[in-house]
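Here are my notes on this one, written as numbered points. Have the model open while you read, and click on each residue as it comes up.

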Amino acid sequence: MKKIILPVLFLLSSLGALKAQTADDIIDQYITAIGGKDKWTQIHTMKVEGQVEVQGIAIPFTMQGIHLKSQRLDAEFQGNKIIDITTSTGGWSQNPLAGKNTLSPVTEEELKLKLDELDLQDAFVDYKGKGSTVEFLGKDEEDGNEYYKIKLTTINKNEKTYFFDTKTYLVYKVESIVKQQGQEVKVAVKLLDYQTIDYGIKIPFKTDQGMMMMVTKKVTINPVVDESIFKPGQN
């Protein structure tokens with residue numbers, strides 16, 4: 001009996017190690033494809049300018065962030081100012097189109113999801129050092145293309161499944177489960193139009209969220225950011 005059990009245990013442990021190595025190999029290829037770890041870790045601040053396109057309407061936005069510390073999004077539509085502020089200790093939002101006419105605190109659940117957005121250096125760059133874990137989920141196929149699937153669980157306990165193109169290793173789609181009106185809903189976001197910008201990093205300039213497309217127009221790496229803009233009382 002012992003002669004049978006030992007080889008089986010060895011086989012199982014080897015398969016587990018292979019699965020972990022496969023995930024890390026894909027992630028390494030992905031980080032290389034988007035410019036490499038050394039370039040991404042030089043990013044400390046960022047400013048993104050673009051527009052949200054929905055039902056034929058374009059809404060300009062500006063996002064400013066400090067790595068792992070704070071982020072602010074500003075947009076305006078028909079005189080309505082939309083503001084979203086997230087820091088490592090709290091979050092606030094204002095959206096008259098959704099009935100929030102003044103800047104007010106977000107819920108704990110909303111803040112939990114937003115905290116991951118403070119990472120400007122890509123979620124997979126040094127993911128272990130950030131306290132995240134990964135799980136290789138095999139392959140999938142969509143529109144005639146093959147993708148590796150990896151589930152990322154962040155230190156904030158948020159889970160997302162990433163689809164990596166087996167040819168380019170770039171992320172094509174990200175799936176997550178969110179709560180909407182008390183119901184859990186699967187949300188899929190496609191990352192399109194990758195372009196190489198300053199510091200030699202590559203990012204998607206279009207984010208397809210189904211009914212809405214976020215289009216990036218300009219990205220500035222390491223600009224001077226006034227930290228006072230992240231204080232909700234000074235807007």
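1. Is glutamine 121 buried or exposed? Glutamine 121 is buried, at a relative accessible area of 9%. "Buried" here stands for under 20% relative accessible area, "exposed" for over 50%, and "partly exposed" for what lies in between (1.4 Å probe, protein chains only).

2. A word on the ground rules. This is a predicted model, so local features need pLDDT of at least 70 and side-chain atom pairs count only at pLDDT 80 or more, while totals for chains, interfaces and linings use all residues. Residues are numbered from 1 along each chain as its sequence is written, and side-chain values use heavy atoms, with hydrogens and water left out.

3. Now the overall picture. The protein chain has 3 helices and 13 strands; these are DSSP runs numbered from the N terminus, with helices (H or I) of at least four residues and strands (E) of at least two. Of its 235 residues, 40% count as buried.

4. Back to glutamine 121, which you'll find in the loop between H3 and E7. Its side chain reaches the backbone oxygen of threonine 41 at 3.5 Å. That is a polar contact (a pair of N or O atoms within 3.5 Å; within protein, one must be able to donate a hydrogen and the other to accept it, and residues adjacent in sequence count only if both atoms are side-chain atoms). Leaving out residues up to four places away in sequence, glutamine 121 touches Trp40, Thr41, Ile43, His44, His67 and Lys130, where touching means heavy atoms within 4.5 Å.

5. Next, the aromatic rings. Rings of Phe, Tyr and Trp (its six-membered ring) pair if their centres lie within 6.5 Å; planes under 30 degrees apart are stacked, over 60 edge-to-face, and the rest tilted. That rule gives 8 aromatic pairs. One of them joins tyrosine 30 and phenylalanine 124 edge-to-face, at 5.9 Å centre to centre and 80 degrees between the planes. The two sit 94 residues apart: tyrosine 30 in helix H1 (residues 2–33), phenylalanine 124 in the loop between helix H3 (108–114) and strand E7 (133–142).

6. Phenylalanine 124 is buried, at 2% relative accessibility. Its ring also pairs with phenylalanine 164: the centres are 5.5 Å apart and the planes are at 70 degrees, so this pair is edge-to-face. Phenylalanine 164 belongs to strand E9 (residues 159–165), so the pair ties together parts that are 40 residues apart in sequence. At 0% relative accessibility, phenylalanine 164 is buried too. Tyr30, Phe124, Tyr162 and Phe164 make up one aromatic cluster.

7. What about the core? A nonpolar core is a set of buried Ala, Val, Leu, Ile, Met, Phe, Trp, Tyr and Cys residues joined through side-chain atoms within 4.5 Å. The largest one has 39 residues, and Met46, Phe124, Ile150, Phe164 and Val219 have the most contacts inside it. H1 gives the largest share of this core, 5 residues. Apart from it lies another core of 7 residues, including Ile66, Trp92, Ile229 and Phe230.

8. Glycine 36 counts as buried, at 15% relative accessibility. Which distance separates glycine 36 from isoleucine 201 in space? C-alpha to C-alpha, they are 7.5 Å apart, although 165 residues separate them in sequence.
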